[in-house]
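Let's take a first look at this protein and see how its pieces are laid out. Here are the sequence and the model.

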Amino acid sequence: MGINPTSRVPLLTFPAGWHSCIDHLNHYPDTLVAEVCHEVIALLQYSKGKIDAEHFAQKLQSSGVESSSASVCGTINALSFLFRSAAQHGLSEDELKTQLQSAGSCSEITLSAITKVWTDQRSPLIAALVNNQKALDIGKLVDFKWKLGLAMSSSSSRSLNSPFVAVSLKVASTSGEVISYSFEMTVPEFKSFSSHIKDIVSVMDTV
């Protein structure tokens, strides 16, 4: 769905489990509600790699609220859906508040915390999602291959015996043209690259 800050499309349909996740959020102290909301906004703005659910679960338990990493992840997913949808539809604070009141799941404390964060972060989040949408228009990865090789020698060393990873990518541009890219990485570089991919997967699991 494209981002349209001028449309006034209500958030009519919440995903399965959304209400139970918000019910869990209702038990959070107001300061933690705001903190989780800010973390989710940062995640959606791509200024944060992932949210430490275990950290929040421990803080909740210290506050006397029964919780777990799984329940916190559910709350993060619910808030991610809410803020992303609100940004896509360009909802104002009052419109978001009306939708949450209609859903009937938020306590007054939760409702107040969410709408306050939305008032502060609405414009930056919409801008971030618009920029990301433009970035996604640059092309699409259609093929990824890699192989491990061993450099036996070079112009400066006759006995190199250095392992490397050869990577081949194919990217389809917005016009449909497929462009191939090839490059080599040292094993440490490839491990670092792989670590970044795992971080991305971790983030996607929370959204």
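## The overall layout

The protein chain has 7 helices and 3 strands; these are DSSP runs numbered from the N terminus, with helices being H or I of at least four residues and strands being E of at least two. Starting at the N terminus, you'd walk through the elements as α-α-α-α-α-α-β-β-β-α.

A quick word on what you're looking at: it's a predicted model, where local features need pLDDT of at least 70 and side-chain atom pairs count only at pLDDT 80 or more, while totals for chains, interfaces and linings use all residues. Residues are numbered from 1 along each chain as its sequence is written, and side-chain values use heavy atoms, with hydrogens and water left out.

## The sheet

What order do the 3 strands take in the open sheet? They line up as β1-β2-β3, and the pairing is antiparallel; to count as paired, two strands need at least two DSSP bridges between them.

Strand β2 (residues 162-172) runs antiparallel to β3, and 9 bridges join them. Take Val 167: its bridge partner in β3 is Phe 183.

Out of 207 residues in the protein chain, 34% count as buried, meaning under 20% relative accessible area (1.4 Å probe, protein chains only). The chain's accessible surface is about 12100 Å², and carbon and sulfur atoms hold 55% of that, by the Shrake-Rupley method with a 1.4 Å probe.

Definitions and conventions:
Buried means under 20% relative accessible area, exposed over 50%, partly exposed in between (1.4 Å probe, protein chains only).
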